[in-house]
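Please open the model in your viewer and keep the selection tool at hand. The tour below goes from stop to stop, saying what to select and what is there.

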Amino acid sequence: MKRTLSIFLLLVLMLSLLPPVTARAEGEGNIDNGGGGIGGGTNTDYWNPGDEGVRVTVIRVSDHAVVTTPIDLTNKHPMISVNFKKVCKILYTGGLALSPDTNAYGYINPSQTLPKIIGTSGGNANIDAIKSYFTDEQVIRSIANITGMDFNVLTNGQYRLLLEPIAYITFGGIKYAMTATEAALFDRQLNGGLRSKMAALCHKNLPLAMFLETPDLGYPAWDGSTNKAASNADIISSLGLGIVRFNEAEPEPPEVTSADYEYRVNTEVITSVTVRGGQADPDHPVTVRFTISGQTYTVSNVYYPEGDSQLAWVRWRTPATPETMTIHVSVSGGGSASQSTITARIVDLSGNNPPNPVADDRNDAYSVAAAPNKAQKTSASWGVWRPWWHAYWIWHGTDEDGYWCDHGWWEFDWLSYSASLSATMSVVPDAKAPTAYGKNMKSGYGINQIVTANVSTNQSSAVTDAQTAVTYFPEFRYETYWRQLERTRGGYSSLFEFKPNQYSTYNRRTHFTPIWVRP
């Protein structure tokens with residue numbers, strides 16, 4: 001299934017132009033520039049260009065819930081004395097208080113180097129590089145892996161990536177890690193103390209590094225100044241964030257693939273189709289309906305992961321007389337449906353018995369024919385997808401007050417099945433044959449045959465026992481005539497024998513060999 005990734009950011013990046021990042025990207029972005037110089041610093045209050053990172057948090061669209069613990073990505077190896085824990089903007093704007101932390105600061109150096117995020121007086125950063133980076137499939141896969149999210153779940157349209165630029169600054173001689181929102185909240189605690197020393201960075205270039213052009217996740221598009229320092233209130237409400245969207249393509253409808261069949265009359269058969277499409281799971285099950293001779297057979301809860309398929313089948317008995325049937329198959333689920341038809345030819349193999357041999361039959365052209373070596377299908381394998389829930393519990397709220405919520409997803413196990421068929425045949429002279437001696441007899445007399453057909457399987461619902469057996473004869477060069485055997489014992493070890501011969505005086509299950517047959 002193709003998904004569209006789009007990034008809705010406005011970025012202020014005052015850095016000399018970087019070359020574009022070479023990466024596979026999907027989607028498009030709305031991005032603009034702004035900002036200005038950062039001014040001077042002091043020995044205790046300064047910021048070095050390039051000391052930066054990005055905080056990434058997975059947010060659920062439906063309720064703006066924080067789904068994963070935020071991660072901080074950076075190209076640097078910062079030695080941070082104070083950070084404010086891994087808290088995202090949504091929690092701060094929801095009322096969570098700023099909480100300084102002097103424990104070791106956790107960060108991740110991504111395998112693909114981040115482009116420059118926060119501008120300087122030297123010029124603007126390459127906006128295309130920023131856009132390309134955060135919409136690159138491999139970057140998204142890496143973020144999914146780090147946060148513990150399944151990539152297909154992350155990009156299914158129900159989640160967003162919330163991005164927040166981070167600055168590693170020295171203030172009052174102490175090295176801090178802070179997002180724009182944290183800087184604004186910190187400045188409030190200091191009654192303007194941070195702004196008085198580092199306004200050009202913490203209230204201009206850092207918050208203006210990312211803002212929205214299109215409203216999303218409850219945050220407005222920014223339409224204020226892009227080259228002047230912002231207020232704490234504006235930063236907290238509107239600045240210092242970007243959002244990566246994953247717009248789910250139209251759900252791929254379930255599709256049924258069928259084939260035409262030839263069946264024997266009055267036999268138990270399995271008819272199957274292959275269903276594929278977007279993911280089918282207990283939250284989005286697929287149902288397959290077979291309509292056969294006016295009766296509908298329903299197969300519910302058909303499951304398969306995205307991009308894969310699943311067999312669906314029904315067991316039914318064919319009519320007692322030959323005909324050509326049309327089986328209608330419909331598939332529903334996932335908000336859409338599809339239909340297909342199967343042509344089933346029902347044939348009767350009986351009625352082609354050899355003629356009754358008589359004493360004066362002749363066939364001077366007879367010669368022994370080699371036994372045919374026909375293609376055989378004696379085994380089959382298939383499988384069933386079994387979904388199971390991968391729990392992913394997230395704490396919502398503060399350390400003192402909140403609740404756990406499961407933001408998990410469906411995983412699938414493949415259950416393999418198989419079936420095999422083997423058969424043995426015993427041919428002996430009929431007990432009434434007067435010339436029989438062991439397994440030898442003269443031509444013109446009868447033989448008996450017993451076929452044992454064994455079926456083995458580890459899923460009986462998808463397999464029938466052996467249904468039909470026919471015998472061809474060497475005197476007819478294994479062509480022209482045959483006898484359909486009668487099943488005298490059912491089950492997975494079935495027995496088949498000749499039907500009672502109408503030309504037998506004793507109504508024996510026998511086949512009479514022509515008198516002209518010779519070795």
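Select C88, which is buried, with a relative accessible area of 0%; buried means under 20% relative accessible area, exposed over 50%, and partly exposed in between, using a 1.4 Å probe and protein chains only. This is a predicted model, in which local features need pLDDT of at least 70 and side-chain atom pairs count only at pLDDT 80 or more, while totals for chains, interfaces and linings use all residues. Residues are numbered from 1 along each chain as its sequence is written, and side-chain values use heavy atoms, with hydrogens and water left out.

Go on to C202, which is also buried, at 0% relative accessibility. A search of the whole structure for disulfides finds 0, a disulfide being a pair of cysteine sulfur atoms within 2.5 Å.

**The nonpolar cores**

Next select F134, L154, L161, I169, L194 and L201, the residues with the most contacts inside the largest nonpolar core, which has 58 residues. Such a core is a set of buried Ala, Val, Leu, Ile, Met, Phe, Trp, Tyr and Cys residues joined through side-chain atoms within 4.5 Å. Strand β5, residues 159–171, gives the most to this core, with 6 residues; strands are DSSP runs of E, at least two residues long, numbered from the N terminus. A second, separate core of 27 residues includes V273, V288, M325 and V329.

**Positive phi**

Finally, select N301 in strand β12 (residues 295–302), where phi is positive, about 55 degrees, although N301 is not a glycine. N301 is partly exposed, at 48% relative accessibility.

Terms used. Helix = DSSP H or I, 4+ residues; strand = E, 2+ residues; numbered from the N terminus.
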